[in-house]
Amino acid sequence: MAEKILARAAGVDVVKAGDNLPVRPDYMIAYDFPGYTDVMFKQMHDDFGIRTLAEPHRYVVFIDHMLTKGTEQERQVHQVTRDWCEFYGIELHEARGIGHQVMAELGYALPGNFLIHFDGHISGAGAFGALGWGVRRDLLEAWVSGQIYLDVPATTRFELVGELADGVDSRDLVHHIIGEYGADGCAHQVMEFAGPGARGMSIDRRQGLCGMAMFTGAVSAVFEPDEAALAYASRVARTEFTPQLPDEGADYAAVHTIDLSELRPRVVLPGSARSDNTRGVDELAGTPVTKAFIGSCASGRIEDIRAAALILDGRKVAPGVELNVVPTSDSVHQQAEDEGLLDVLRAAGAQIARSSCDFCFGYQKPLQPGENCISTGVLNISGRMGSTEANIYMGSAYTVAASAVAGTISSAEGVARS
């Protein structure tokens with residue numbers, strides 16, 4: 001799939017793994033953050049003398065960080081972004097939610113599309129059969145020239161069979177993959193998901209799985225676009241799109257089969273998502289927590305909030321635990337409100353925050369020394385969510401909700417069925 005998407009974007013008939021060639025992204029996406037977008041805009045203007053863009057519709061910017069303190073610094077950061085986007089005629093989406101989710105809602109992540117960002121979690125676009133690739137500071141090359149030279153990656157295919165058990169979701173799957181095949185098991189490759197288990201997985205679960213691809217060493221991840229992906233894309237599409245499917249007999253670096261029904265809840269220990277750092281939830285039972293967080297670009301969608309509400313309905317967050325829930329976008333927030341899910345969470349003692357990236361990177365309510373947090377965030381390195389003397393454990397929304405109720409790391413298995 002990735003080779004066919006890149007071939008189409010490069011304007012050639014065929015590419016193969018290892019080829020290096022210029023590729024023209026359908027969309028070049030960024031969020032404003034000091035040292036990234038402000039620097040790139042200035043370089044475009046001052047160093048390259050670019051005053052107008054031939055195709056401004058291919059550039060998309062989101063304001064989804066530093067939204068929650070209302071400081072003058074925040075206002076200045078965002079005003080710089082507004083001014084540059086207005087100067088170049090770039091489409092700007094402000095405070096509508098986390099860009100990796102909002103881009104899907106606005107019809108950028110269409111089957112067969114190629115998108116780039118400096119943030120690797122753009123890979124969540126793979127849920128729709130799009131190829132999203134985080135290119136870090138090389139994004140400037142594309143912003144200036146409209147294209148970017150890339151090495152075509154090899155692909156590892158994952159055939160998914162069976163169904164996820166109650167209390168288990170795609171976050172447990174990605175941590176299983178890391179534990180089984182290593183944090184470099186798909187290094188410099190694309191992960192391709194297919195099979196009946198993949199087709200039975202909801203769009204939300206696919207986004208969460210693809211969005212965490214970087215922690216296997218992969219550059220991206222894609223699902224074969226099926227009826228669910230095509231139906232979603234057709235509702236939101238802003239342009240025509242051409243879905244791509246792998247050819248029969250396609251060449252893969254490796255093919256793995258995973259039975260989803262055999263998976264059990266997993267937790268990542270503080271430090272990183274490396275292969276030797278994940279454990280079954282039962283192995284960590286009794287570990288106390290003081291904070292719990294459901295949100296981020298990989299979690300916090302409607303199914304994550306439904307999972308949390310299922311666990312918390314009729315229960316209370318344990319004394320001494322603070323549970324914060326951040327819907328991934330304004331539209332997800334509204335849907336959760338309409339379904340009554342947020343009322344369930346509030347009744348249990350959860351705090352609901354506006355959609356942004358601010359919890360995930362420690363900007364809003366930073367962790368204090370000595371705290372233990374169980375989180376659906378995307379990273380748990382030291383200091384990610386506040387103090388370097390705090391501990392961050394990562395798990396699914398089921399696990400986070402069950403742990404918030406127990407006051408210790410706990411599995412939702414059984415609880416999710418009761």
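# Reading the assignments

Q: Where is His 188 found?
A: In this predicted model, His 188 sits in the loop between α6 (170-181) and β9.

Q: Why is His 188 called exposed?
A: The relative accessible area of His 188 is 64%. Exposed means over 50%, so His 188 qualifies.

Q: Is Ser 296 buried or exposed, and what makes it so?
A: Ser 296 has 3% relative accessibility. The cut-off for buried is under 20%, and therefore Ser 296 counts as buried.

Q: Why is Phe 33 given an intermediate class, and which one?
A: Phe 33 has 23% relative accessibility. Buried would need a value under 20% and exposed one over 50%, so Phe 33 is partly exposed.

Q: Where does Phe 33 lie, and what does this residue touch?
A: Phe 33 is in the loop between β2 (27-31) and α2. Not counting residues up to four places away in sequence, Phe 33 touches Asp 38, His 65 and Phe 361. As for Thr 81, the separation from Phe 33 is 48 residues in sequence and 8.9 Å in space, C-alpha to C-alpha.

Q: Which residues of α3 are buried, and what makes them a face?
A: The buried residues of α3 are Glu 74, Val 77, His 78, Thr 81, Trp 84, Cys 85 and Tyr 88. Viewed down the helix axis, these residues fall within an arc of 125°, so they line one face of α3. In an α-helix, residues three or four places apart point the same way, because there are 3.6 residues a turn.

Q: What do the buried residues of α3 pack against, and what follows the helix?
A: Their partners are α2 (37-47), β3 (59-63) and β4 (91-94). Gly 89 follows α3 and has a positive phi, near 75°.

Q: Why is helix α10 described as mostly covered?
A: Helix α10 (residues 302-312) has 11 residues, and eight of them are buried. Among them are Ile 302, Asp 304, Ile 305 and Leu 312.

Q: Which elements do the buried residues of α10 pack against?
A: They pack against α8 (203-211), β14 (291-294), β15 (322-325), α11 (330-338), α12 (341-348) and α13 (397-406). After α10 comes Gly 314, with a positive phi near 80°.

Q: What makes β9 and β10 a pair, and in which sense do they run?
A: DSSP must find at least two bridges between two strands for them to pair. Strand β9 (residues 189-194) and β10 have four, so they meet the criterion, and the sense is parallel. Met 191 stands opposite Ala 221 in β10.

Q: Which way do the residues of β10 point?
A: In β10 (residues 220-223), Ser 220 and Val 222 point one way, while Ala 221 and Phe 223 point the other way. All are buried.

Q: Why is Thr 155 called buried, and which strand holds it?
A: The relative accessible area of Thr 155 is 6%. That is under 20%, so Thr 155 is buried. Thr 155 is part of strand β8 (residues 154-161). Beyond four places in sequence, its contacts include Ala 2, Gln 189, Val 190 and Tyr 252.

Q: How many disulfides are there, and how do you know that Cys 210 is in none?
A: The structure holds zero disulfides. The cysteine sulfur nearest to that of Cys 210 belongs to Cys 186, 12 Å away, whereas a disulfide requires sulfur atoms within 2.5 Å. For Cys 357, the nearest is the sulfur of Cys 297 at 6.5 Å, and Cys 357 is in no disulfide either.

Q: How do you know that the radius of gyration agrees with a compact globule?
A: For 418 residues the rule gives a value near 22 Å; the protein has 21 Å, which agrees.

Notes: Residues numbered from 1 in each chain as written. Predicted model: local features only at pLDDT ≥ 70, side-chain atom pairs only at ≥ 80, totals over all residues. Heavy atoms only, no water. Buried < 20%, exposed > 50% of the residue type's maximum accessible area, 1.4 Å probe, protein only. Helix = DSSP H or I, 4+ residues; strand = E, 2+ residues; numbered from the N terminus. Arc of directions from axis to C-beta. Contact = heavy atoms within 4.5 Å. Rg over C-alpha atoms; globule rule 2.2 N^0.38 Å.
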